[in-house]
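Please read it with the structure open beside you.

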Amino acid sequence: GQCRPSGHWEYDFTSQQLTGDACLNSVPVPVNNTLSDADHTRVRVALSKVRATKRPAACPTDVPSNSLTVKRAQSEARYVEQRAACGGGSTPVKGEGLRALVELMEELSEPPPAR
């Protein structure tokens, strides 16, 4: 089956585990990758550039969206594209920081090369 471009990821800072479901090149891709220290640093830098914005009054229900839940030892934050952040419990984000983060998540979602 084909999918529309979107992704829902979860990243655990402690275990450096990236999990979730992505749509890459119109193909659904389950994600379960342990990131290297270098990739962990890339995620940390990308997250530092994400900026929260105000929650929209209404959200479309048929538009694909992206989200990333970040788990740290004592906290958890869920970042969602502004257009899909109507419900509580998530932080609406937009702009260049989100685009860069989504591009990184898509790159890190690619299956490791076969050996």
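**Notes on the predicted model**

1. Of the 115 residues of the protein chain, 37% count as buried, where buried stands for under 20% relative accessible area, exposed for over 50% and partly exposed for anything in between, with a 1.4 Å probe and protein chains only. This is a predicted model, in which local features need pLDDT of at least 70 and side-chain atom pairs count only at pLDDT 80 or more, while totals for chains, interfaces and linings use all residues. Residues are numbered from 1 along each chain as its sequence is written, and side-chain values use heavy atoms, with hydrogens and water left out.

2. The secondary structure of the protein chain amounts to 2 helices and 6 strands, which follow one another from the N terminus as β-β-β-α-β-β-β-α. The radius of gyration is 14 Å, close to the 13 Å that the globule rule gives for 115 residues, so the chain is as compact as a globular protein of that length. Helices (H or I, at least four residues) and strands (E, at least two) are DSSP runs, numbered from the N terminus; the radius is taken over C-alpha atoms, and the globule rule is 2.2 Å times the number of residues to the power 0.38. Along the principal axes, the C-alpha atoms fill a box of roughly 50 × 40 × 25 Å.

3. A search of the whole structure finds 1 disulfide, a term for a pair of cysteine sulfur atoms within 2.5 Å. Cys 3 is joined to Cys 23, with 2.0 Å from S to S, and the link is right-handed, with 100° about the S-S bond. Cys 3 lies in the segment before β1 (7–12) and Cys 23 in strand β2 (residues 17–24), so the pair ties together parts that are 20 residues apart in sequence. Cys 23 counts as buried because its relative accessibility is 4%. Cys 23 and Asn 66 are 43 residues apart in sequence, yet 10 Å apart in space, C-alpha to C-alpha.

4. The whole structure holds 1 aromatic pair. The rings of Tyr 11 and Phe 13 have their centres 5.3 Å apart and their planes at 70°, so the pair is edge-to-face; rings of Phe, Tyr and Trp (its six-membered ring) pair if their centres lie within 6.5 Å, and planes under 30 degrees apart count as stacked, over 60 as edge-to-face and the rest as tilted. Tyr 11 is buried at 0% relative accessibility, and Phe 13 is buried at 15%. The charged end of Arg 72 sits over the ring of Phe 13, 4.3 Å from its centre, where such a contact requires NZ of Lys or CZ of Arg within 6 Å of the ring centre and within 35 degrees of the ring normal.

5. Gln 16, in the loop between β1 and β2, has a positive phi of about 60° although it is not a glycine, and Gln 16 is buried at 15% relative accessibility. Ser 26, in the loop between β2 and β3 (27–34), is likewise a residue other than glycine with a positive phi, near 65°, but Ser 26 is partly exposed, with a relative accessible area of 31%.

6. In helix α2, the buried residues include Gly 97, Leu 101 and Met 105. Seen down the axis of α2, the buried residues fall within an arc of 160°, so they line one face of the helix; the arc is that of the directions from the helix axis to the C-beta atoms. On the other side of α2, Glu 96 and Glu 103 are exposed.
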